[in-house]
Amino acid sequence: MIGRRLRFETTQATEFVDITDRLREEVHRAGLKIGRLHLQSLHTTLGLAVNENEPLLLRDFQVLLERIAPEGAGYEHDDFARRMDVASNEPVNGHAHCRQLLLTGFTTVLVEDGDLVLGQWQSVFAVELDGPRHRQLALQLDGEFASPLSPFSGEGQGEGRGRSAEAGPASQTLVELELARQLLVDPEPVATPMRRLVEAGGKRMRPRLVQLTAGIGPRSEPLRAAALAAAVELLHNATLIHDDYVDESTHRRGQPTVAAAEGPERAVAVGDYYFAKATRLIAEIGNRDVTSTIAEALEAICASQIDDVALRGAFPGDHDSYLRVVRGKTAALFAAACASGALLSEAGPEVVDALRRYGDLVGVAFQMADDMVDFSPSSGKPVGLDIRQRVLSLPLIYAAEDRTVGPEVRRLLAGSLGDAEVGRVTDLVISSNALDRVRDEATALVETAVHELEAIELDGLRPILISLARSAVDRTA
Amino acid sequence: MSIQLVERDLDRLESLWEDGLSDAYRSYLEAVQAYEPDAQPRLALAAALIEIGLRLQGLGGRAAAAPTLLMGDLCLARSSRLLAGAAPQSVQIAFARAIETLSSAAASGSSALAPRTRELLLRAFEAT
């Protein structure tokens, strides 16, 4: 039995947060092959539901809840004069409690073949009834787990398994152990904020790519691969800590950012410490090509971050600028993760080059999908954050170019962006075909990435790399 | 020693050259005499970039504004690339450890007690 907490932030008073992908990720990370995932709300105004993620249907649900338990309908719970021990910040939320009674506070999802058992149209929702708030759910996973020492792989089974164990829970566990081990030996003032960030989750795409590609060449050493993968993840997190300060972000992965929680001075120091530590861990592996590959990516990330901030003066920017920034800011480390894993395994140069191109394309597609999440109320992330922070975003660029909504989008973006403006821009983007264009473009990039893999020998890892590429853009459902 | 050799590594950082980077660079040149002639300018520049980068970021003091912090980040990243190409593994590790020492001191509020940046970096060149 494994117990965990799933933390997230809501942004609306009533909100259906689709947590299916995060639950799926928890099942994969735990290595649960067959069993049950139990889920329990830890709040009296947060319910759970299994239903279809269709925006108009979610509106229907919301209207239904509002009709049955309307706000301000004279709830006795809201009569503070008659209640004992009322906190000074007690919200008027009798309606939210009553609505929660109509839902459930706990549910169980079955797991088979290492994945959630859900029908084609089923998604799991946490239903916010009194937001926006920080929320958490308790999870318990029980059943038959892959042994950490066995090469079980939840993906790519049946079709050319080869070294697909490199992608399995056992190797992912190695990375988690390596991350925990590294954080254990660091001084607390730097380790504590980084541990909070690492333990809050993240998709671990970059370390997975390192581990996968480290199984391709003739020299496959899982422990060295895990050390490199953990270092790449630390490096990624170090860049996020500085990014969050630059973007003035208050939360990441449902947790306060280092800058918000402990101040910018600590954020600068923690980012620097893990930048240095990650580069040292990579240097200690002793492969100069790997060290250079990661160092070049890091330089591209920093240069693009400067461009990104500079371009905010011309917000929302254009497609070419967007691609240039994203190639550096996001795709460079994806490409380096793929190339460095392959280099570590002493794969041939044609394989390294193809994987580098694959990583670059997947990285760009991943960022496009991430941009779309900003417009998805059920993603678990605050809607419109990119607009508010004037971050480069392809859906915004396309909406600004749109003949119908473009003039209004550009006018709104040129002014100050309060809640009303952000909400209106969000609606305009959703009503245009911008999200469809971005989705099509990301999907096309993934297919090009998959095409890059066709001409090289991948020792059975092709299905997993294809699956991973496609999952990079399949994050908005 | 030719400064021409390092100018290609100053892309985007040109404005820093007259603003302390060239002085720092020259001060490290003597420490790299034991290395291959081709590597010497890049090693000296790598050390200078770390010194200037950390100063720009405001490490151990008041955090820099976002654009300045990003310039500092680029200095550190450029330094990392230069070291990866020109420094022995032991020196790469020693440089990283120097930044770890300085940043952990800054995080714990004990920067005043930490060794000076230049002192640490000069010592890093002696790592074997």
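A: In this predicted model, helix H7 of chain A, residues 222–247, packs with helix H9 of chain A, residues 264–285: their axes come within 8 Å and cross at roughly 160°. An angle over 145 degrees counts as roughly antiparallel, and H7(A) and H9(A) are therefore roughly antiparallel to each other. The crossing of the two is left-handed.

The residues that meet can be listed helix by helix. From H7(A) come A:Arg224, A:Ala227, A:Leu228, A:Ala231, A:Leu234, A:Leu235, A:Asn237, A:Ala238, A:Ile241, A:His242 and A:Tyr245. On the H9(A) side, the residues are A:Pro264, A:Ala267, A:Val270, A:Gly271, A:Tyr274, A:Phe275, A:Lys277, A:Ala278, A:Leu281, A:Ile282 and A:Ile285. By type, the residues of this contact divide into 17 nonpolar, three polar and two charged.

Of the 477 residues in chain A, 49% are buried. Among contacts in chain A between residues at least 6 apart in sequence, 77% join residues at least 24 apart.

A:Gly328 is found in helix H11 of chain A, residues 319–344. There are 22 other C-beta atoms within 10 Å of A:Gly328; 20 or more count as buried, so A:Gly328 is buried. Leaving out residues up to four places away in sequence, A:Gly328 touches A:Ala300, A:Ile301, A:Ala303 and A:Ser304. A:Thr11 is 317 residues from A:Gly328 in sequence, and their C-alpha atoms are 30 Å apart in space.

Chain A also has a contact with chain B, which takes 34 residues from chain A and 31 residues from chain B. On the chain B side, helix H4 (66–86) and helix H5 (89–107) each supply at least two residues. H4(B) gives the most to that side, with 13 residues. The residues of the side of chain B that touches chain A divide into 15 nonpolar, nine polar and seven charged.

Notes:
Residues numbered from 1 in each chain as written. Chains lettered and ligands numbered in written order. Predicted model: local features only at pLDDT ≥ 70, side-chain atom pairs only at ≥ 80, totals over all residues. Axes fitted to C-alpha atoms, helices over the stretch in contact; angles between N-to-C directions. Helix = DSSP H or I, 4+ residues; strand = E, 2+ residues; numbered from the N terminus. Parallel < 35°, antiparallel > 145°, perpendicular 65-115°, else oblique. Left-handed = near helix turned anticlockwise from the far one by under 90°. Contact = placed C-beta atoms within 7 Å. Nonpolar A, V, L, I, M, F, W, Y, C, P; charged D, E, K, R; others polar. Buried ≥ 20, exposed ≤ 12 C-beta atoms within 10 Å, placed from the backbone.
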